Amino acid sequence: MAVQLTEAELKLLQNLVYQECGMHFDERRAHFLQDRLHRRLRECKLDSFYSYYRLLISREGKQELALLLENLTVNETSFFRNKAQLDLFHRYILDDLLHRKQTHRDYCLRLWSAGCSTGQEPYTLAMLVADGLAYYYLRNPLPLEVSSPKPLIPHPWKVEILASDISYSVLRAGQEGTYSENQMTSVDYSYRLRYFDKVGDRYAVKPALKQLVHFDFHNLKTEYLPQRNDAIFCRNVMMYFDVPEQKRLIEKFARCLTPDGYLFVGHAESLLGLTQSFAMVHRNSGTAYQKVEVKA
Ligand SMILES: C[S@@+](CC[C@H](N)C(=O)[O-])C[C@H]1O[C@@H](n2cnc3c(N)ncnc32)[C@H](O)[C@@H]1O
């Protein structure tokens, strides 16, 4: 017989998940939480949800807690997701960032895909930046020797894309960087030709592009997050947090950005009414948010 989950146990576990990773399970999503809790309880062969809770908060339960959180994440993603927003980044914002950096003789562009899932988002950014930077360089060459063959990122520019997530299994998939035909649907042939090798029936990200992306574990709930980013993409992640947690995360992102840096959130997410630290940038159906100085 299935073990009963009482209201009190559900509340305890709901609160624990919220404390640990910010994910909020309202009535609409409570069923999903209950389903995953039942699965984990069966795996651990425990006879009550209270014992499961005790395990999660114990020192020995650290691994099980990570597994539970992993089971609660929604990892849906795709290459070139939200095309209008990526066009805004590629056509206007990237130019603005590169121009400002060059003025300060800072040739390192830092992007962060926060909640990167299996890697399609950071690799999309890598392709857009490689193309965008090559075109920028064509218009703004530096008086330096040009090596042959041309590197993907022209000297002295450097591109660092951090791809982070709370789930170790998606980080492993991103690091592997191979994708099925189905996952490649939104990648057109010119990108496939330049940035992928065909390995068996899968597409593997070419090493030169892969080198631009570094995968790492970061829980967005914690205070210690990567600093000095020129742009942060945190898309389709905040929608699983409640409003207080969204507000806290937005202010943390403001602190993790360089002055005038940009934040990109998902199509169904918005910063409106949540912060004064960002101003909306909207062009041709694409939206982003630029960090602004908050006046005291
Ligand atoms: C729906 S996917 C979005 C992927 C990609 N950003 C996109 O828009 O296609 C959400 C991702 O956020 C991650 N996530 C959820 N809560 C997180 C947290 N507290 N810290 C870091 N990542 C988190 C999940 O593991 C999941 O991979």
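Trainee: Is Cys-21 buried or exposed?
Mentor: Cys-21 is buried, with a relative accessible area of 4%. Buried means under 20% relative accessible area, exposed is over 50%, and partly exposed is in between, using a 1.4 Å probe and protein chains only. Keep in mind that this is a predicted model, where local features need pLDDT of at least 70 and side-chain atom pairs count only at pLDDT 80 or more, while totals for chains, interfaces and linings use all residues. Residues are numbered from 1 along each chain as its sequence is written, and side-chain values use heavy atoms, with hydrogens and water left out.

Trainee: How many disulfides does the structure hold?
Mentor: Zero, taking a disulfide as a pair of cysteine sulfur atoms within 2.5 Å. Cys-21 is in none, and the nearest cysteine sulfur is that of Cys-234, 13 Å away.

Trainee: Which strands does strand 7 pair with?
Mentor: Strand 1 (residues 108-114) runs parallel to strand 7, with three bridges joining them. Strand 8 (residues 257-265) is parallel to strand 7 too, and that pairing has five bridges. Two strands pair if DSSP finds at least two bridges between them.

Trainee: What does Phe-233 stand opposite in strand 8?
Mentor: Phe-264. Going from strand 7 to strand 8, the chain passes through helix 10 (residues 243-256), and this β-α-β crossover is right-handed. That means the path from the first strand over the helix to the second runs clockwise when the strands point away from the viewer.

Trainee: Now rings. How many aromatic pairs are there?
Mentor: The structure holds 16. Rings of Phe, Tyr and Trp (its six-membered ring) pair if their centres lie within 6.5 Å; planes under 30 degrees apart count as stacked, over 60 as edge-to-face and the rest as tilted. Phe-89 and Phe-264 form an edge-to-face pair, 5.7 Å centre to centre with 90 degrees between the planes. That pair links distant parts of the chain, with Phe-89 in helix 5 (residues 83-103) and Phe-264 in strand 8, 175 residues apart. Both Phe-89 and Phe-264 are buried.

Trainee: Which rings are linked into a cluster?
Mentor: Phe-79, Tyr-123, Tyr-179, Phe-196, Tyr-203 and Phe-215. Both Phe-196 and Tyr-203 are buried.

Trainee: What about Arg-40, buried or exposed?
Mentor: Buried, with a relative accessible area of 11%. Arg-40 lies in helix 2 (residues 27-44). Its side chain makes a polar contact with the side chain of Glu-64 at 2.9 Å. A polar contact is a pair of N or O atoms within 3.5 Å; within protein, one must be able to donate a hydrogen and the other to accept it, and residues adjacent in sequence count only if both atoms are side-chain atoms.

Trainee: What else does Arg-40 touch?
Mentor: Not counting residues up to four places away in sequence, Arg-40 touches Tyr-52, Leu-67, Leu-68 and Asn-71 besides Glu-64. Contact means heavy atoms within 4.5 Å. Glu-64 is itself one of the buried residues of helix 4 (residues 62-72), and what covers those residues includes helix 1 (7-21), helix 2, helix 3 (49-57) and helix 7 (168-176).

Trainee: Last one: where does Ser-117 lie?
Mentor: In the loop between strand 1 and helix 6 (120-139). Ser-117 counts as buried at 5% relative accessibility. A polar atom of its side chain lies 2.7 Å from the backbone oxygen of Asn-75. Beyond residues up to four places away in sequence, Ser-117 touches Asn-75, Thr-77, Asp-165 and Val-170.

Technical notes
Helices (H or I, at least four residues) and strands (E, at least two) are DSSP runs, numbered from the N terminus.
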